[in-house]
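Student: Could you take me through one part of this model in close detail? I would like to look at a metal site and then at what surrounds the rest of the picture.

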Amino acid sequence: MTVWDAVVGQTVVPGLQRTVADAAAYLDGGRLGSMTHAWLFTGPPGSGRSVVARAFAAALQCPQGGCGTCSSCVEVRAGTHPDVANLVTEGLNIRIGQVRDLVPRAALRPARGRWQIVVVEDADRLGEDAADALLLSVEEPPERTVWMLCAPTAEDIVPTIRSRCRVTQLRTPPYADVARYLAESEGVDVATAEFAARASQGHVGRARALATDDDVRQRRAEVLRLPFNLADLRQCLDAAATLVDTAKADAERHCDALDEREVEELRKALGAGSTGRKPRSMEGAVKELEREQKLRRTRVQRDSIDRALVDVLALYRDVLMLQLGVRTELVNEDIRPSVDRLARSGRAEATLRRMEAVMAAREALQANAAPLLTLEAMALTLREG
Ligand SMILES: [Zn+2]
């Protein structure tokens with residue numbers, strides 16, 4: 001077992017391992033070689049950007065280059081290594097205060113004598129002022145400091161910071177790699193692992209949820225019934241409403257407890273004593289937090305709907321493959337007979353139009369269109385074909 005075992009289907013690993021060797025040689029008085037002070041890991045959602053960054057961080061800190069078992073490797077994995085800081089955010093944006101706390105830490109000499117590493121997950125959520133606060137440290141880092149930023153694409157990072165980073169691009173991991181990983185790490189049977197890997201379309205976190213969580217599988221199955229249930233107007237409107245309701249339930253599951261905890265913590269931080277006397281600034285701060293929480297809830301709902309639409313899109317892609325007579329493995333191999341029935345009931349041109357309708361709905365939702373109206377319009381278009 002090594003720290004790289006958690007990385008699924010990425011071809012960049014051998015290159016990073018060479019860098020780890022160069023970095024170790026540098027610590028022994030050699031040259032930097034391929035080692036550098038600022039890294040940007042990019043890749044589609046679910047490809048494992050932060051997983052790669054953490055594995056790389058662990059490998060750099062490990063005297064054996066990432067054995068996976070020594071105390072250093074264990075500490076990095078547990079998030080307790082004194083020389084590896086993780087900046088994660090549940091919010092819409094990384095707060096400038098979070099960055100200001102980090103910068104002095106990044107300037108420290110490593111307590112264990114190797115590297116001082118700061119991992120910024122979701123670096124695309126750095127606002128302009130937060131990015132400014134980070135810039136100097138990324139531009140001129142102390143000799144042993146390493147920044148690792150993660151973002152969907154390099155363009156998500158302000159150019160001043162991006163230009164300082166070595167960009168390492170991850171890919172959507174191949175199904176076979178995801179399936180093998182699930183079977184080994186989650187202990188699920190081969191059939192379940194293969195189903196989850198295909199159905200997730202290479203999103204490792206989603207694949208894990210599909211492989212291990214009945215509710216997630218259930219919700220996906222409901223979504224996939226949608227294209228089969230568009231016979232009349234009523235059904236179309238119901239289908240749209242179901243998608244929105246499911247997304248709301250997702251958001252409740254994700255946000256309710258989190259929101260409450262954050263307000264609680266803020267009140268504590270602002271010193272609401274047991275006497276219940278409220279400092280004047282408290283109400284404003286709580287309002288501001290609640291505004292951000294509302295935005296987050298909206299985003300979680302939108303992400304949930306988008307995931308459902310990606311599933312619907314994959315179903316129509318399967319239908320199209322069958323209609324065109326392309327011999328290929330389907331994303332929805334597990335329901336091939338139903339997909340085949342749908343394929344034989346229509347023509348490829350209509351399927352293409354339906355796929356366009358789903359893509360148009362995704363775009364509209366990303367541009368903040370009202371979810372229910374957008375999905376109703378989509379369902380009606382799907383019915384017309
Ligand atoms: Zn180790």
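Student: What is the geometry of the site of the zinc ion, given its four donor atoms?

Tutor: Happy to! A word on the basis: this is a predicted model, in which local features need pLDDT of at least 70 and side-chain atom pairs count only at pLDDT 80 or more, while totals for chains, interfaces and linings use all residues. Residues are numbered from 1 along each chain as its sequence is written, and side-chain values use heavy atoms, with hydrogens and water left out.

The site of the zinc ion is tetrahedral, with angles of 104 to 118° among its four donor atoms. For comparison, the ideal angle for four tetrahedral donors is 109.5 degrees. The ligands are Cys62, Cys67, Cys70 and Cys73, each through SG, at 2.3 Å. Donors here are N, O and S atoms within 2.8 Å of the metal (3.2 Å for Na, K and Ca); water is not among the atoms, so sites may look incomplete. Along the chain the donors follow the spacing C-x4-C-x2-C-x2-C. Cys67 and Cys70 are both buried, where buried means under 20% relative accessible area, exposed over 50% and partly exposed in between (1.4 Å probe, protein chains only).

Now to the nonpolar packing. A nonpolar core is a set of buried Ala, Val, Leu, Ile, Met, Phe, Trp, Tyr and Cys residues joined through side-chain atoms within 4.5 Å. The largest one has 33 residues, of which Trp4, Phe56, Leu60, Ile117 and Met148 touch the most other members. Elements that each supply at least two residues of this core include helix 2 (49-61), helix 3 (71-78) and strand 4 (145-151); helices (H or I, at least four residues) and strands (E, at least two) are DSSP runs, numbered from the N terminus. Helix 2 gives the most to this core, with eight residues. Beyond its neighbours within four places in sequence, Met148 is in contact (heavy atoms within 4.5 Å) with residues including Phe56, Leu60 and Ile117. Another core, of 26 residues, lies apart from this one and has Leu243 and Val358 among its members.

Finally, a charged pair: Asp250 and Arg219 meet in a salt bridge (3.4 Å, N to O), meaning a side-chain nitrogen of Lys or Arg within 4 Å of a carboxyl oxygen of Asp or Glu. This pair links helix 11 (residues 233-269) and helix 10 (residues 214-225), 31 residues apart. Asp250 is buried, at 10% relative accessible area, whereas Arg219 is partly exposed at 21%.

Note on methods: Tetrahedral: all angles 85-135°; square planar, octahedral: opposite > 155°, others 65-115°.
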